[in-house]
Every structure is written in structure tokens, then in C-alpha cells.
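Visitor: I have a model open and want to learn how to read single residues in it. Where do I begin?

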Amino acid sequence: MAQRQVDRVDETMVEQLRTRVAASVAQWRAGSRLTRLEPLTGGTSSLTFVMEVVGPAGDTTPAVLKVAPPGLEPVRNRDVLRQARLQRSLEGSERPIAPALFFSEPGLSLDEPPYLAMELVAGDCVEPTLTDEALPAAQVQARELDAVGVLAALHAIVPDRVGLAAEPVTQLSAEVERWIKAFTTLPVQMQGDYERAGQLLLDTAPEALPPVINHGDYRLGNALCAGDRVNAVIDWEIWSVGDPRVDLSWMAYFLDDADHPAVVPGWHAGTLSRGELVSAYESAAGRTMPAMDWFHALTRFKEASITGLLIKRADKLNRPLIPSMERMRPALPRLVQETIELIG
């Protein structure tokens, strides 16, 4: 069957999905029934719905349903069953990391894709450096420190012991080559000196640390927080097994002293410094993180590549960009140059 992208959720799709999910609910918890299923957002990775289940005793359980986009093969970041497997593997961890998985179902066809249902976790989702509303600096730093503890707990889980022994380990060279390949598809004005930067990263790659479970986009903007605490980490579409410094350096790029080009000029969120964040992680993990400058360089290279792909796609579809993304457009070659300078 030819693949086709579904850009919006229509009522026909929702009704079809409601029938399938109602059957899953009845199998998941005997005597339960689905009473609500409404779309929240749509996207290229997955479609998100809020749902409500009423149990045999009249108790109500709110939940979140993530569905692979109809019309596309559910692979890579659209593979919701892979996400479900990861969330299942994190159950019983030292502290809650991901929302609890309720159930998942394989797809029947491209038009009836796979889905997963999980706990609806309370909390707000705010990236302090990219928000329009300031949080108290003390709360920002408390959340960051708690998120560091969650990250250390995630990285303490041995993949082989939680059913992920077959998951391939992403080597640092493969990580770099992935983003080099992405750069080759970008318009020349977005590329900068990517070939030199990529080769420098490959030539100076440090010795890898023992592999851990990485989130892939770890930051407060992908965490549900209440008060000073992280209740759960969400958006696991690109999780992998690899070097823990990949996640740590990515989180460190969303701090005040990282000078992220998407941040409104002059905005100060009151975050920890990069050094404080890394030190806090080392303390929580009980080990040092050498060669962090190389990973900070990799993060800038990765950010430029990912953002370039997003901008290219928006331009192709003639879709307007949000202001933060517009600020990123002219900054992509600069991020590549920063990659070179950090390695040097």
C-alpha cells in the first residue's frame, strides 16, 4: 500500500480508533469501558489523545493514547510499540521515570496503526529558557537538580537486565555520521562548514563509557513537573542505548550560559550553570564525566542538523515557523562553527 501522511485527525479516524481502543480497554481491565477519547495534538511522530476509562466499580482512570500516524510505516520515531517496550522496561525503577504503561496494540494496517495507552501524569511542561512566562529561579534550579537525579536513575538501569539486551548500542561515530548525513540534505545556506566539523568530531571522539538507556531529548521541556519535582519524563520517541554524556550534554544546552540561539535575546531564566549541572550529575551518578567539551560540541552539531531538517520541511510545506525557530534559521552555520571551536 502506498504511504500517505495524515495531517489532521478527522472524525472518521477517531470513530475507528474508538472502536479498537474500547476493545483494548475491555481486555486490559475486565469490566472497564472507554467513555472518552479526544485528540490533543497531531504531529509527525505520533498523534496524541486523552482518554477516560470507567472501571466496574465506577472509578475513573484518565489516560493518554499515542497513535502512530496513519498512512506511514510505524518505524523509527513513529514506532510506538518500541516506546511501549521501553516504558515497560522502566517499571519498578528506583523512582518513577516514565508514565506507567497501561496497554499497547499492534497495527492492523497503515490505516489502522499501532498505539499505546499510558498513565496521565499531573504536572506542567516548561522549558525555562524557552518559555514566555518566568518561573522563580529557585524553582527552576530545584527542578533541574531533580531532573538530574532522574537522569542518573535512568542511566543506572542496566539495559541487559530489563529486557533490552537485543537493543543495538549507538556508537559515537555512528551518532556523528547520522548528523553528517542529515547535513548533506540541507540547503547550502544552512550547512556551514559541516564537513570539517563532522570530521573533527570523528577524529577526536573520546572513549565511550558503558552504554545506558538514553532519552534522546532530555530536558525540562520533556518533563512533567509539579512544584520542585519531576513527576515523569515524556516523549520517548528517539530513545536509544549509548553513551550517557549524549543525554547530559543535551540537557546542558538548555541553560542560560549555553547561549542557545532559540532563546529570546536578553532572556535569563535563572538556571544552573553548565558546570553546576554536570557536577550535580556526577554526584548523583557516582562517577565522573570526562571529555564533556566534545559532547557539548556534538550537541551543537546535532541541534543544527535537527533544526535544519525541521526548517527545511516547514519551508517545503509552506508552513510558518514559530519565533524561536525563526531565530534558529540564521544561527545554524554559527552552531557548526561553535562545534569546531569547542573541539579546538
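Guide: Start with burial at S89. This is a predicted model. S89 has a relative accessible area of 9%, so S89 is buried, because buried means under 20%.

Visitor: Where is S89 found?

Guide: In helix 2, which covers residues 80-89.

Visitor: Which backbone oxygen lies 2.6 Å from a polar atom of the S89 side chain?

Guide: That of L86. Leave out residues up to four places away in sequence, and S89 touches V162 and L164.

Visitor: Which residues is V230 in contact with, leaving aside its neighbours within four places?

Guide: R95 is one of them. R143, D146, A147 and V150 are also among them.

Visitor: How far apart are V230 and A156 in space?

Guide: 17 Å, C-alpha to C-alpha.

Visitor: What does V241 touch, not counting residues up to four places away?

Guide: P159, E167, P168, V169 and T170, along with P211 and V212. For a C-alpha distance, take V241 and A165: they are 76 residues apart along the chain and separated by 9.9 Å.

Definitions and conventions: Residues are numbered from 1 along each chain as its sequence is written. This is a predicted model: local features need pLDDT of at least 70, side-chain atom pairs count only at pLDDT 80 or more; totals for chains, interfaces and linings use all residues. Side-chain values use heavy atoms; hydrogens and water are left out. Contact means heavy atoms within 4.5 Å. Helices (H or I, at least four residues) and strands (E, at least two) are DSSP runs, numbered from the N terminus. Buried means under 20% relative accessible area, exposed over 50%, partly exposed in between (1.4 Å probe, protein chains only). A polar contact is a pair of N or O atoms within 3.5 Å; within protein, one must be able to donate a hydrogen and the other to accept it, and residues adjacent in sequence count only if both atoms are side-chain atoms.
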